[in-house]
Amino acid sequence: GKVDSRIKIIETKKSEEDKITVYKNFVLKAGKGCHIAHFTADWILGTESITAKHFGDSNKEDIPDISIDPDTKALSVINLNKSPLCAFLTVFNSQCKGKKGRILETGTWGDQCDPKSIQSCTTFVILVSPLTMMD
């Protein structure tokens, strides 16, 4: 398949297992279950240009930055600002799906010394363009 030009493989002299995959300065092995959308990503459902008028008569201040559709369960990040918006979201103990129903990898969170505290999680690091909604 086609390799994303933003992904770099850093070679080491030791072995094939020691290769480090980096995406936009992020070491992918270090963030199991972490999904990054820098204005776009292949796993997001989509983006849409918006204004406060999309939400009826609501004041801009009354519109949330994050929303979950009660029917589809789609998570949306809403940016009504004139500058980019960065959001860090973690979803615990749920299986998240991306575009075309793609199952998104989960990681874990908790005290490694207390196995009962370990929970599955999916973390999203999202940068949304101005006046845009990302699902």
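Start by selecting Asp42, which is exposed at a relative accessibility of 57% (exposed means over 50% relative accessible area, buried under 20%, and partly exposed in between, with a 1.4 Å probe and protein chains only). The model is predicted: local features need a pLDDT of at least 70 and side-chain atom pairs 80 or more, while totals for chains, interfaces and linings use all residues. Residues are numbered from 1 along each chain as its sequence is written, and side-chain values use heavy atoms, with hydrogens and water left out.

Stop 1: Strands here are DSSP runs of E of at least two residues, helices are runs of H or I of at least four, and both are numbered from the N terminus. Arg102 is partly exposed, at a relative accessible area of 38%. Searching the whole structure gives 1 salt bridge.

**Stop 2: the aromatic pairs.** Now show the aromatic rings; the structure holds 2 aromatic pairs. Select Trp43 and Phe124, a tilted pair with 5.4 Å from centre to centre and 40° between the planes. Rings of Phe, Tyr and Trp (its six-membered ring) pair if their centres lie within 6.5 Å; planes under 30 degrees apart count as stacked, over 60 as edge-to-face, and the rest as tilted. This pair also links distant parts of the chain, with Trp43 in the loop between S4 and S5 and Phe124 in strand S10, 81 residues apart. Are these two residues buried or exposed? Trp43 is buried, at a relative accessible area of 9%, and Phe124 is buried too, at 6%.

Move to Phe92 and Trp109. Their ring centres are 5.7 Å apart and their planes stand at 70°, so this pair is edge-to-face. Phe92 belongs to strand S8 and Trp109 to strand S9, 17 residues apart, and the pair links distant parts of the chain. Phe92 is partly exposed, with a relative accessible area of 36%.

Stop 3: Select Asn93, in the loop between strand S8 (85–92) and strand S9 (107–109). The phi of Asn93 is near 55°, a positive value in a residue other than glycine.

**Stop 4: strand S10.** Select Thr122, which lies in strand S10. Thr122 is buried, with a relative accessible area of 0%. Which residues does Thr122 touch, not counting those up to four places away in sequence? Among them are Gly33, His35, Leu89, Thr90, Val91 and Glu105 (contact means heavy atoms within 4.5 Å).

Then go to Leu131, in the loop between strand S10 (119–128) and strand S11 (132–134). Its phi is near 50°, again positive in a residue other than glycine. Leu131 is partly exposed, at a relative accessible area of 35%.

**Last stop: colour by confidence.** The pLDDT, which is the predictor's confidence in each residue from 0 to 100, averages 83 over the protein, and 78% of the residues score at least 70. Among the elements, S11 has the highest mean pLDDT (96) and strand S1 (residues 7–10) the lowest (49). Over residues 9–14 the pLDDT is below 50, and this stretch has 9 contacts in the model beyond near neighbours in sequence.

Technical notes: A salt bridge is a side-chain nitrogen of Lys or Arg within 4 Å of a carboxyl oxygen of Asp or Glu.
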